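The tour moves from stop to stop, and each stop says what to look for.

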Amino acid sequence: MSMETCPECAAAVSPQDRFCEQCGRNLRVQRTTVGGPEAAARCACGGESFDADGFCGSCGRARPSARDRVEFVLPGLAGVSDRGKRRQRNEDSMAFGRVRGRGVAAVVCDGVASSERAEQASQVAVDTAVDVLLTAVQSGTDPEAATRDAVLAADAAVARLARPGAEEVAPSCTFVSAVVADDTATVGWVGDSRAYLVAEAGAARLTTDDTWAAQLVAEGVLTEEEALTDRRAHVLSRWLGADSGLDGPQAVTFRVETPGLLVLCSDGLWNYLPEPEDLLAVLPRGVPPIEVARELVEVALKSGGHDNITVVVVTLRGGHGA
Amino acid sequence: MGLDFGVEVFQNEYLPEGEARVDAILTVSATGTAAPVPVEGAAEVLIIDTSGSMRYPPTKLAAAKQATEVAIDTLRDGVVFAVVQGTDEAEVVYPRGSGLVAASPQTRAAAKQAVARLRADGGTAMGRWLLLADRVLATHTGSGPRHAILLTDGQNQHETPQQLGRTLDKVAGRFTVDCRGVGTDWEVSELRRISEAMLGTVDIVADPAWLAEDFRAMTAAAMGKAVADVSLRLWTPEGAEVVFLKQAAPGLLDLTGRRTESGVRTGDYPTGAWAGGESRDYHLCVRVKPAKVGDRMLAARASLVSPGGDVLGQGRVLAVWTDDTALSTRISPEVAHHTGQAELASAIQEGLEARKAGDAETATARLGRAVKLAHESGRTDTAKLLAKVVEVQDPATGTVRLRARVADADEMTLDTRSTVTRRVGKG
């Protein structure tokens, strides 16, 4: 019999336990930290004292935000979020979780840089949405309906961050989610964060960007190539926030037939690897999801790291869910 | 205490990748309705040059006496004071005997009688005058500002510049000195050296008749100071160095060499005494270790610190590295303005020096540059003074011709006032 420990209080628990005898934690559900990672205790220079404004007492640099580099690992899925090399803050967020024996849910949101407190928007969105999705996984709710509920709940939560009278800079973010349960996977999105499916047989992009450029390509006004260099390439046509006017996500559901990986990411990654084949070409093989996520983030950093980079990798076993 | 100090920082915190130099203007303001220091706290020494040269013209000594009498009248009751006469020696003429005496109708009258009896005779050794002033002020136990006014008409002929330098090193920081040159036989650079070391001002009083009003204003300003011996404390990060710290307004004063270490990566610079409502600008230039694009750094923390170590006010100088050239090429108008004012001062001083040395080419070039800078920054006061030394053909391009005949007083006025600056947007 394999021994496990409660992730909350480290008491010994058995794989059959639904709750920890010690602290009462729900053992069937594991998820990333609500509100994002804890603050870093040390500066990059090794300094441990910071002034009231958060500047290091030795080298003067601003206290590294815990958000600058975030890594989360759960069995079967993992994610990395990085500030990149050019932005002052990491405005991307990610959250994911798993319900033992049922499935997993993951969300990536990219804060809109021109909005206020974009990192708050993305964090609130992922936390809210992943809660809704994990509840749905636990209760076996229809994943597309759950995805829609999750997006609308996240949209409302982000909208509550807005200052009255400041709609045009209201905190906003994009959204991409995945629910994998019972041999099916559902991907939902709003904006230009993307999902890719990578399997032995090949790779595919599962999302279409909600951007003006993508819309013009769909209408045949621009070619793909023209769209990439067009100044409207990143102008969103849909987003989450007080001024979104959102009625729901786009979504796709498919059967997971063979083993593979689901990759959710912000544009900080896909700007450098837009085509599924580009992703496939740099993907490391035979390593756990966290190594895959780290490697993809590294590729984006080496390519310039002009934006925040977030990558969540979900293992698809094919045949029996997660 | 009782004054509130505020530090405002003006800068463009955005730097291009790899840039190490951070420039900022620190505007320090003392606000509040604090009463001036209790009268028993302040001390004033009036130093009058009575060397032989003061005899000619005879109105010179008479005007100096009159000015000193006005200064004595300006002292508030209870302020302790003394009058020193300086030649190649120095002597306290009032009060007789020891140190200082509290101002009252009786002591003011007695002091004025002593001043009236002064006669001009002997040489000039300003270091000795300052040493005596220091000894007299050392007897003062109050906590308020210690101030002296030094009035001279001549050059420091009876001691070497090295001797004067040693004296200044010894007494700097112990009291402040405002210097006034009467007539045109004194050296601007000599009095500037004293006033800078003693954190005071220097000016020319070309006509002895103007002395009285000037003395009254100086004494009133000194008596209005509410807080003495305030330091500007700079913290800089590891691997950083302060390239310079200069008072930029109301006058130029380089404080870079006046640093005393006060902690880890922390140094204190003296700023002297402050009055309520007073505001000064300081130009700080720091060289830091550049960080990554996107990184944000505290390049310096500037604190106003009382002699007791209380932090009275604080400001932050930041650095953020960016690859957005629209941000990093933005120019801080405050930094640019004060950089221009400092260049104007050095162009005038270098131009006048070259002129004296007979180097007409350099003099024309530097004074032309000064005319252009004065024109651009709207310094009509300086432009007028420059026009007495050069014939201005085109102020916009700085095209000038040296005047063949220049009154000494005009040249010296331009030189002494070159370090007076104007603040941004204050006309």
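How many aromatic pairs does a search of the whole structure find over all chains? The search finds three, where rings of Phe, Tyr and Trp (its six-membered ring) pair if their centres lie within 6.5 Å, and planes under 30 degrees apart count as stacked, over 60 as edge-to-face and the rest as tilted.

Before going further, note that this is a predicted model, in which local features need pLDDT of at least 70 and side-chain atom pairs count only at pLDDT 80 or more, while totals for chains, interfaces and linings use all residues. Residues are numbered from 1 along each chain as its sequence is written, chains are lettered from A and ligands numbered from 1 in the order in which they are written, and side-chain values use heavy atoms, with hydrogens and water left out.

**Rings in chain B**

Select B:Phe5 and B:Trp274, whose ring centres are 5.5 Å apart with planes at 80 degrees, so this pair is edge-to-face. B:Phe5 belongs to strand S1 (residues 4-10) of chain B and B:Trp274 to strand S15 (residues 266-275) of chain B, so the pair ties together parts that are 269 residues apart in sequence. Helices (H or I, at least four residues) and strands (E, at least two) are DSSP runs, numbered from the N terminus. Both B:Phe5 and B:Trp274 are buried, where buried means under 20% relative accessible area, exposed over 50%, and partly exposed in between (1.4 Å probe, protein chains only).

Next, select B:Phe244 and B:Lys246, and you will find the charged end of B:Lys246 over the ring of B:Phe244, 4.4 Å from its centre. A charge sits over a ring if NZ of Lys or CZ of Arg is within 6 Å of the ring centre and within 35 degrees of the ring normal. A second example is B:Arg301, which lies over the face of B:Trp235 at 5.1 Å from the ring centre.

**A threonine in a strand**

Now go to B:Thr27 in strand S3 (residues 21-31) of chain B, which is buried with a relative accessible area of 9%. Its side chain makes a polar contact with the side chain of B:Asp281 at 2.9 Å; a polar contact is a pair of N or O atoms within 3.5 Å, and within protein one must be able to donate a hydrogen and the other to accept it, while residues adjacent in sequence count only if both atoms are side-chain atoms. Leaving aside neighbours within four places in sequence, the residues in contact with B:Thr27 include B:Gly6, B:Val7, B:Ser279 and B:Arg423, where contact means heavy atoms within 4.5 Å.

**A loop and a helix**

Is B:Gln155 buried, partly exposed or exposed? At 30% relative accessibility, B:Gln155 counts as partly exposed, and you can find this residue in the loop between strand S8 (146-152) and helix H4 (161-171) of chain B. A polar atom of the side chain of B:Gln155 lies 2.9 Å from the backbone oxygen of B:Asp185. B:Gln155 and B:Glu187 are 32 residues apart in sequence, and their C-alpha atoms are 6.1 Å apart in space.

B:Gln155 also touches B:Glu190, which is one of the buried residues of helix H5 of chain B. Select that helix (residues 188-197), where seven of the ten residues are buried.

**Between the chains**

Show both chains together: 16 residues of chain A are in contact with 19 residues of chain B. The area buried between chain A and chain B is about 1,400 Å², of which carbon and sulfur atoms give 45%; buried area is the accessible area (1.4 Å probe) that two parts lose on being put together, summed over both. A:Phe55, A:Arg86 and A:Gln88 supply 37% of the area that chain A buries against chain B, more than any other three residues.

Select A:Ser58 in the loop between strand S3 (29-31) and strand S4 (69-74) of chain A, where A:Ser58 is buried with a relative accessible area of 17%. Among the residues that A:Ser58 touches are A:Cys45 and, in the other chain, B:Trp235 and B:Pro237.

**Backbone details**

Most residues other than glycine have a negative phi, and most peptide bonds are trans. The peptide bond from B:Tyr94 to B:Pro95 is cis, with omega near -10 degrees. A:Asp182 has a positive phi of about 50 degrees although it is not a glycine, and at 65% relative accessibility A:Asp182 counts as exposed.
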